[in-house]
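Please find below a short note on the model under review. The points take the interface between the chains before the fold of a single chain.

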Protein chains: 2
Amino acid sequence: MPRVIVCDVNETLLDVGALEPHFKQAFGDGRVLQDWFANVLLYSEVATLAGPYSDFASIGGAALDMVASARDITLSSADRTRILQGMLTLPAHPDVRDGLQTMRDAGLRLVTLTNSAPAAVQQQLTNAGLNGFFERSFSVDTVRRFKPAAEAYRSVADSLGVPIDRLRLVAAHAWDIVGALRAGCAAAFVARPGKVLYPLGPKPDITGPDFRSVAKQIVAAESRHA
Amino acid sequence: MPRVIVCDVNETLLDVGALEPHFKQAFGDGRVLQDWFANVLLYSEVATLAGPYSDFASIGGAALDMVASARDITLSSADRTRILQGMLTLPAHPDVRDGLQTMRDAGLRLVTLTNSAPAAVQQQLTNAGLNGFFERSFSVDTVRRFKPAAEAYRSVADSLGVPIDRLRLVAAHAWDIVGALRAGCAAAFVARPGKVLYPLGPKPDITGPDFRSVAKQIVAAESRHA
């Protein structure tokens, strides 16, 4: 049997860069987006290592307040809402529909796994017009441990009733690739601009510069198990 | 008995900002330092959540290579070495000696706990002229779990033979404060410029804008237990 393809959502399918104009308006500098998202990731990992657990959107709001405080900026509630609501209406990267269609045409099972909470990911996929591609959507919120903790990946295998090595994660984040491989999944890395693998981590057997190229390689690799 | 004061090292005692000119030279932009250090922290947490474990300096080197790759820059080995060796020769923040002297004069026991490996922290403290203030230096390398994992703080209590609530961490990082408090320590936050507490985490009883002010508050708080 071919593996089940598990797509990460934020940055892998959806373009978080679409929030940049909101950051430009709120902070006078669109690059604050990168700093904010790095803090969201850092504190989701802190929540997993030390607690307390909060859902991804709450951590997103807290990280936004921290980034504003650190710059001595008072965020208007309109700017704050615009950014946080913006996470729910991110557009798909332009190569994503093609890649998903390629994998679906090849008969592969497609699901998502994200740090976003279940209600959030449903809105995200629906708003981006991608919901129809996926059999199911999974959230780390079920196990209250953010990726790259092994429990997040294992919970998908358990829910689908397949061994963990029958999953292949597709992600644009090196840390997600490390987590999936260390948990026992296969993986495929979407090396979008500015994204590189972690030099000290295990390497996936598939890497490509965009989602379309990665999808084609996945179809080729998984068809050998058909 | 007053608590043992456990000082974080990088950014709390030592000024990582001293590396900025090296980043300016290597990347043409000193602000890349912040991006690099954020990645060092992120991947130290990935190492703890998912593995594999590597020491802090190795993660520092890997994160530097990632930041360079992400910008399509080839780092010369001289620039790479200058930055990584620079971590070993960081100067103390100007208010640190005074604050340490205040706590020592009050008879408090002082130790350090850092993500840096043992040999590195010895060099760091010696080069910064701070070694004489500390009874012992601890590294997370002993437990191979980076802060804010509870094991890092517990290993200090175990080594000193004191209950964990007899430790007080002093740090300029919100995530370190969260980790220490969740592990059962007291804490004190040095709110250096750009550093703010994590809104969703537990709060320390001591916060001040610099090390000197925090040290005075610690002496006052701990003298009640003398």
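Predicted model: local features only at pLDDT ≥ 70, side-chain atom pairs only at ≥ 80, totals over all residues.

**Note on the interface and the fold**

1. Polar contacts do occur: six residue pairs, with both residues at pLDDT 80 or more, are counted between chain B and chain A.

2. On the side of chain B that touches chain A, helix H2 (32-49), helix H3 (56-70) and helix H8 (174-183) of chain B each supply at least two residues. H2(B) gives the largest share, seven residues. By residue class, that side of chain B divides into 22 nonpolar, eight polar and four charged residues.

3. In extent, the interface brings 34 residues of chain B into contact with 34 residues of chain A. The two chains bury about 3000 Å² between them, and carbon and sulfur atoms account for 73% of this area. Within chain B, the most area is lost to chain A by B:Leu49, B:Tyr198 and B:Leu200, which together make up 21% of what that side buries.

4. Turning to the fold, chain A contains nine helices and six strands. Its radius of gyration is 17 Å, close to the 17 Å given by the globule rule for 226 residues, so chain A is as compact as a globular protein of that length. The C-alpha trace of chain A spans about 55 × 35 × 35 Å along its principal axes.

5. Of the 226 residues in chain A, 56% are buried. Among contacts in chain A between residues at least 6 apart in sequence, those joining residues at least 24 apart make up 63%.

Methods
Residues numbered from 1 in each chain as written. Chains lettered and ligands numbered in written order. Heavy atoms only, no water. Contact = heavy atoms within 4.5 Å. Buried area = accessible area lost by both parts, 1.4 Å probe. Polar contact = N/O pair within 3.5 Å; in protein donor to acceptor, adjacent residues only side chain to side chain. Helix = DSSP H or I, 4+ residues; strand = E, 2+ residues; numbered from the N terminus. Nonpolar A, V, L, I, M, F, W, Y, C, P; charged D, E, K, R; others polar. Rg over C-alpha atoms; globule rule 2.2 N^0.38 Å. Buried < 20%, exposed > 50% of the residue type's maximum accessible area, 1.4 Å probe, protein only.
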